[in-house]
Amino acid sequence: METNSTAMRVLRDLPIRRKLLVIVMFTTTVALLLSGIGILFIDSILFRGYLDRDLSALGQIIADNSTAALAFQDPGSAAETLGALKVRNHLIAACIYQPDGTIFASYSRPTGPSGCPPAPSRDESRFAGNTLTVSRAIFLTGRRIGTLALQYDL
């Protein structure tokens, strides 16, 4: 209690010009802190949205380029297509699944944990912990012949 009354006494004894300066500085500091927190929050939400759209588009491109490999049962060609993803440093794994859920081809980054995410049953984007998993169906003449799953490290 003593420190509170001492602070009030010091504030009371200041000239009006200093009091106004303290009030303006306090108000400005609070406003800047609140706006900074708001910007970080909104930026985080926008970043996740942009990342989801970017990875979904990349997944669709890779899925479309994997159609021939699945149709002709060429896992080497599919692995080569997935190997192009090595330029994405945060991509943990990419896997192509056959319709029965078995892994047809896979890619995992050389450093860190490897392994395919569980076989997805539908097209989806899912944030879980520090990862984003995107899955896209692979179609040939309107028939689903496989699924691609990408796992991205946030």
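I'll start with a residue: F41 sits in helix α2, which covers residues 16-65. Before going on, note that this is a predicted model.

F41 is exposed, because its relative accessible area is 53% and the cut-off for that label is over 50%. F41 also belongs to a nonpolar patch on the surface, together with I42, I45, L46 and Y50. Together, the members of that patch have about 530 Å² of accessible area.

Now the helix itself. Helix α2 has 50 residues. From its first C-alpha to its last, α2 reaches 72 Å, which is close to the 74 Å expected at 1.5 Å a residue.

Which residues of α2 are buried? They are L51, L55, S56, L58, G59, I62 and A63. And what covers them? The cover includes two helices, α3 at 67-71 and α4 at 75-83. It also includes the strands β3 at 124-128, β4 at 131-140 and β5 at 143-153.

Next, the disulfide. The count comes to 1. The pair is C95 and C116, with sulfur atoms 1.8 Å apart. C95 lies in strand β1, residues 91-97, and C116 lies in the loop between β2, at 103-108, and β3, so the pair ties together parts that are 21 residues apart in sequence. As for handedness, the torsion about the S-S bond is about -95 degrees, so this disulfide is left-handed.

Are the two cysteines buried or exposed? C95 is buried, with a relative accessible area of 0%. C116 counts as partly exposed, at 28% relative accessibility.

On to the charged pairs. How many salt bridges are there? The count comes to 4. I'll take some of them in turn.

One of them is between R88 and D54, where the closest N and O atoms are 3.1 Å apart. R88 lies in the loop between α4 and β1, while D54 lies in helix α2, so this pair ties together parts that are 34 residues apart in sequence. That brings us back to the helix we began with. R88 is partly exposed, with a relative accessible area of 24%. D54 counts as partly exposed as well, at 35% relative accessibility.

Another salt bridge has the side chains of D153 and R109 meeting at 3.4 Å, N to O. D153 is in strand β5 and R109 is in the loop between β2 and β3, so the parts tied together here are 44 residues apart in sequence. D153 is partly exposed, with a relative accessible area of 25%. R109 has a relative accessible area of 15%, and it is buried because the cut-off for that label is under 20%.

The next pair is R126 and E124, whose side chains meet in a salt bridge at 3.4 Å, N to O. R126 counts as partly exposed, at 38% relative accessibility. E124, at 19%, counts as buried. This pair is part of a network: salt bridges that share partners join R122, E124 and R126 into one.

To recap, F41 belongs to the nonpolar surface patch, and helix α2 holds both F41 and D54, the partner of R88. The disulfide joins C95 and C116, and the salt-bridge network joins R122, E124 and R126.

How values were computed. Residues are numbered from 1 along each chain as its sequence is written. This is a predicted model: local features need pLDDT of at least 70, side-chain atom pairs count only at pLDDT 80 or more; totals for chains, interfaces and linings use all residues. Side-chain values use heavy atoms; hydrogens and water are left out. Patches are made of residues with over 30% relative accessible area and no salt bridge: like charges are joined within 9 Å, nonpolar side chains (Val, Leu, Ile, Met, Phe, Trp, Tyr) within 5 Å. Accessible areas come from the Shrake-Rupley method with a 1.4 Å probe; for residues, only the protein chains shown count as cover. Helices (H or I, at least four residues) and strands (E, at least two) are DSSP runs, numbered from the N terminus. Buried means under 20% relative accessible area, exposed over 50%, partly exposed in between (1.4 Å probe, protein chains only). The expected span of a helix is 1.5 Å times one less than its number of residues. Contact means heavy atoms within 4.5 Å. A disulfide is a pair of cysteine sulfur atoms within 2.5 Å.
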